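Morning, everyone. I have one structure to show you today. Please bring it up and keep it in view while I talk.

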2 protein chains.
Amino acid sequence: MSYTYEYPRPSLTVDCVVFGLDDEDLKVLLIKRGVEPFQGRWALPGGFVRMDESLEDAARRELQEEAGIRPNLLEQLYTFGAPERDPRGRVVSVAYFALVKLSDHRVHAATDAREAAWFSVYDVPKLAFDHADILATAHQRLKGKVRYQPIGFELLPPKFTLTQLQRLYEKILERELDKRNFRKKLLAMDLLEELDEVEQDVSHRAARLYRFDHKKYKQLEKAGFNFEL
Amino acid sequence: MSYTYEYPRPSLTVDCVVFGLDDEDLKVLLIKRGVEPFQGRWALPGGFVRMDESLEDAARRELQEEAGIRPNLLEQLYTFGAPERDPRGRVVSVAYFALVKLSDHRVHAATDAREAAWFSVYDVPKLAFDHADILATAHQRLKGKVRYQPIGFELLPPKFTLTQLQRLYEKILERELDKRNFRKKLLAMDLLEELDEVEQDVSHRAARLYRFDHKKYKQLEKAGFNFEL
DNA sequence: TTGACGGAGTGTCCACCCAACACTATGCGG
DNA sequence: CCGCATAGTGTTGGGTGGACACTCCGTCAA
């Protein structure tokens, strides 16, 4: 089977930068390449776009196939099209940006046929293609976006403590925040539902659990409310 | 001449949303299509990406060819890849966002071989393909971006009055601003060079001219300064 | 020449938001 | 029951943003 065109066409791929958060660090999902080029090198999950699927569908499909992941948040990041970015020829890649709750996915990624693993974004091996550029772009986007959109919650379990949330922001923004000011601000937004539950299995006073109220956020957003910091 | 591949490939195009500003309104550049599909319909300037040029180079080339325009600012906007967006088959388009000083380009665009014209963004004819979506995305980006990056200056002549600048923001943001507060804020940023010149040919007191200091902005930006509103 | 018109240019006050800052409360474990 | 680790809680001062109105100046026409 082959396909013939009157003019030459680039290949089109999608690549995904999937972030997760655990107790130590902000993590990114990588796949070890099984074939040339860059065989054995770590790379972002991704692959060729099929003719009958949208770009976002392609990204979701590749994540499902390569790592068994269904992200909570998936959005287009940037399209990388430098002529020499792939040694096989002209390949243009539409990069996507995804956030997952690591607790849901830690096992999955490691047990798939292909070798997949979470790496700290501060300690990433040498990557295939221009994937280091893509990762850097995504990391920058995360740092910028987290401040004015409530996407941090996509990285936490559904029920979380305010301290967990604060740690999340501290890790992503790479600076320390004041506990009292942080709580004041978050609670004042009225986006967190205070649960009648506390965290379990801790050897000290247990903290109260909260849940992010997506519905209320959508309402407030329509009314012109702006999440910030 | 023909090109054969083992797997099918989408076509890849770039489309450009070029904004300009004149005394009345925010304008966008459109080209009248001379061929099917959508012959005679207005569309964004754009075309196919060549195998040896980057995406941005393709966007610049198309703008030059179709409208004789070299934009002051050109950045990638979003990639549109819905399977049915082009009746000719699968065509994925990388959209670019551009700003020009209309005074430089008003004539050029109208005198080129192809029919090109500036339309108010509030009164655009029915567009070809999904170009209305692309335009809407670009317009939204402009509104968002203008508030926290000093890109408005790319729409004005090199020397401008504070009132012109204020009108620009009012048109883009679609709300009125307070004159004193606006001046206070802009001048406090220390990014405008006060010239020893005033505007000419006005039938009232002439306003002082200013110039945007790109060099100083780059310095301040490195030092962590954030332009805002 | 002078008066009217049109837009240029200028300062203050108040309300709110943000950053800095330290102690008490509670539950667990030894 | 005592120590430890983390939870949880208010006040203050400085700075910023928004509201607000009058005088200045150059042109043009009577």
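Some ground rules. This is a predicted model, in which local features need pLDDT of at least 70, side-chain atom pairs count only at pLDDT 80 or more, and totals for chains, interfaces and linings use all residues. Residues are numbered from 1 along each chain as its sequence is written, while chains are lettered from A and ligands numbered from 1 in the order in which they are written.

Start with the two chains. A rotation of 180 degrees, with 0.0 Å of shift along its axis, puts chain A onto chain B with an RMSD of 0.0 Å. That is the relation of a two-fold axis. The superposition is by least squares, on C-alpha atoms of residues with pLDDT of at least 70 in both copies.

Which residue of chain A comes closest to the rotation axis? Thr4(A) does, with its C-alpha at 2.1 Å.

Now the contact between the chains. Two residues are in contact if their C-beta atoms, placed from the backbone, lie within 7 Å. Chain A gives 27 residues and chain B gives 27 residues. On chain A, strands S1 (3-5), S2 (11-21), S6 (73-80) and S7 (91-99) each supply at least two residues of that side. Helices (H or I, at least four residues) and strands (E, at least two) are DSSP runs, numbered from the N terminus. By class, the chain A side has 15 nonpolar, 7 polar and 5 charged residues. Here Ala, Val, Leu, Ile, Met, Phe, Trp, Tyr, Cys and Pro count as nonpolar, Asp, Glu, Lys and Arg as charged, and the others, Gly among them, as polar. And 100% of the interface residues of chain A are also interface residues in chain B, so the copies meet through the same surface.

The strands cross over too. S1(A) and S1(B) run antiparallel, joined by 3 bridges. Strands pair if DSSP finds at least two bridges between them. Thr4(A) has Thr4(B) as its bridge partner.

A residue is near a strand if its C-beta atom, placed from the backbone, lies within 6 Å of it.

What about DNA strand D? It also has 20 residues around it, with Thr163(A), Arg180(A) and Arg205(B) among the closest. Here the contributing elements are H4 and H5 of chain A, plus H5 of chain B.

So how do those helices pack? In chain A, the axes of H4(A) and H5(A) lie 11 Å apart, at about 105 degrees. Axes are lines fitted to C-alpha atoms, for helices over the stretch in contact, and angles run from 0 to 180 degrees between N-to-C directions. H4(A) and H5(A) are therefore roughly perpendicular, a label for 65 to 115 degrees. Leu162(A), Leu165(A) and Gln166(A) of H4(A) meet Lys179(A), Phe182(A), Arg183(A) and Leu186(A) of H5(A).

Last, a sheet in chain B. Its 3 strands form an open sheet, ordered S9-S11-S10, with antiparallel pairing. S9 (159-160) and S10 (192-198) stand at the edges with a single partner strand each, so one side of each has no neighbour in the sheet. S9(B) pairs with S11(B) over 2 bridges, and Phe160(B) stands opposite Tyr210(B).

How values were computed:
Angles under 35 degrees count as roughly parallel, over 145 as roughly antiparallel, 65 to 115 as roughly perpendicular and the rest as oblique.
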